[in-house]
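Below are some notes for a colleague who is new to this structure. Please read them alongside the sequence and the model.

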Amino acid sequence: MRLDYLTIFPDYLAPLRLSLPGKAIDSGLLELHVHDLRAWTHDRHHTTDDTPYGGGAGMVMKPEPFGEAFEALGVGAGDTVVFTTPSGQPFDQRVAEDLATRERLVFACGRYEGIDQRVIDHARTIAEVREISLGDYVLNGGEVAALAITEAVVRLLPGFMGNAASLVEESHAEGGLLEYPVYTKPRTWQDREVPDVLLSGDHGRIARWRHEQAVRRTAERRPDLLHPSALDDGTPIVRAVRGDAEELLTLQRACWVQEAIANEMLDIPALHETLDEVRADLDRWETYVVRRAGRLVGSVRGRLDGDVWEIGRLAVAPDLQGQGLGRVLLGHVEAVAPSGAASYRLVTGARNERNLGLYKKAGYRLRRDLAAPSGAVTLTKRL
Ligand code: JD2
């Protein structure tokens, strides 16, 4: 594989030589070429940036140096030009595996506010182009992203790691779970013991323990990996886990702010709920969530109060309302009511016509005879 880097900070990419296996480079399996973009400037100051058309803050990288560099380096059919950019496709292991199949990658690293769009448009006409983002945060330029991408890609190349088996076992390669915790000697350190199971010699038990730890960690830290996106086929509604609490809170806030506006700033207690309260509620209620593209976009919950299945917190992300998701969630929470339930009950804003309409269509009746907080109404429906 041949790797080229176009940058105005070539020294920034010096760590490449440290992080990549020297053997691979010496043997010729891997070729690295770091280029100073200023080599393709012609003015006294080696200018690579200019002011943005249309105005605005900051500077934009000029197109000509990149264009000349592509030509000088013979970038063409069969090559892949990678533009690292905050607006690119999020980088992940799958993208790394894809890039690892290429013969040649050319990393175009921008600075300032980015690169003149025509460079990307032009590159598409001479080679394959990938616009890739390292993640949802802002860096000062594309170099660090190019370094990270390179490291993730190169270690996938055949014969580039000492131990091929350790690659197969890793995060995201197997089961889409996070890593289980690992331990080494000494057996006791600062009064902390290595878990007994790991010293048992029972390989079956060890494997089961590690899997359970991996699932637990994933549920806590990355619930999105356990219930992946349901954009196209079906809409799996799953029981919420503790790790969903932050996202539930975010969803609730977005929805209750909307509710407050619909009710002309009626004060809604849920708006002031804390993360700890949301977590505690996960133990007191059966909460269900739905994800789209990994994002928690809907929730509903139920709990038994005598023979009444009390339904609450039906919430759909504001940008996804009007697609029937609320109706699906309501149907789900009704369907999971335990056998002891004789009726459903829910409370909603008295002036939220959209919600009232949804509930009435689903067979709920307004119950003025039943108590409700100020500005709200209670609705019920027989099972
Ligand atoms: C970059 C900048 C646009 C503000 C070239 C930032 C990146 N995950 C990532 N975050 N930021 C970048 C990135 C990549 C290239 C450039 N800037 C600064 N651009 C708006 C600041 C300039 C990736 N990959």
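1. The side chains of Thr-80 and Arg-102 make a polar contact at 3.2 Å (a pair of N or O atoms within 3.5 Å, where within protein one must be able to donate a hydrogen and the other to accept it, and residues adjacent in sequence count only if both atoms are side-chain atoms). This is a predicted model, in which local features need pLDDT of at least 70, side-chain atom pairs count only at pLDDT 80 or more, and totals for chains, interfaces and linings use all residues. Residues are numbered from 1 along each chain as its sequence is written, and side-chain values use heavy atoms, with hydrogens and water left out.

2. Thr-80 belongs to strand 5, residues 80-90 (strands are DSSP runs of E, at least two residues, and helices are runs of H or I, at least four, numbered from the N terminus). Its relative accessibility is 1%, so Thr-80 counts as buried (under 20% relative accessible area, with a 1.4 Å probe and protein chains only). Leaving aside residues up to four places away in sequence, Thr-80 touches residues including Leu-99, Arg-104 and Glu-128 (heavy atoms within 4.5 Å).

3. Helix 3 (residues 63-72) packs with helix 5 (residues 117-126) at about 20°, their axes 9 Å apart (lines fitted to C-alpha atoms over the stretch in contact, with angles from 0 to 180 degrees between N-to-C directions). The two helices are therefore roughly parallel (angles under 35 degrees). On the helix 3 side, Pro-63, Phe-66 and Phe-70 meet residues of helix 5, among them Val-119 and Ile-126.

4. Ala-260 lies in helix 10, residues 245-262. With 3% relative accessibility, Ala-260 counts as buried.

Notes. Angles under 35 degrees count as roughly parallel, over 145 as roughly antiparallel, 65 to 115 as roughly perpendicular and the rest as oblique. Buried means under 20% relative accessible area, exposed over 50%, partly exposed in between (1.4 Å probe, protein chains only).
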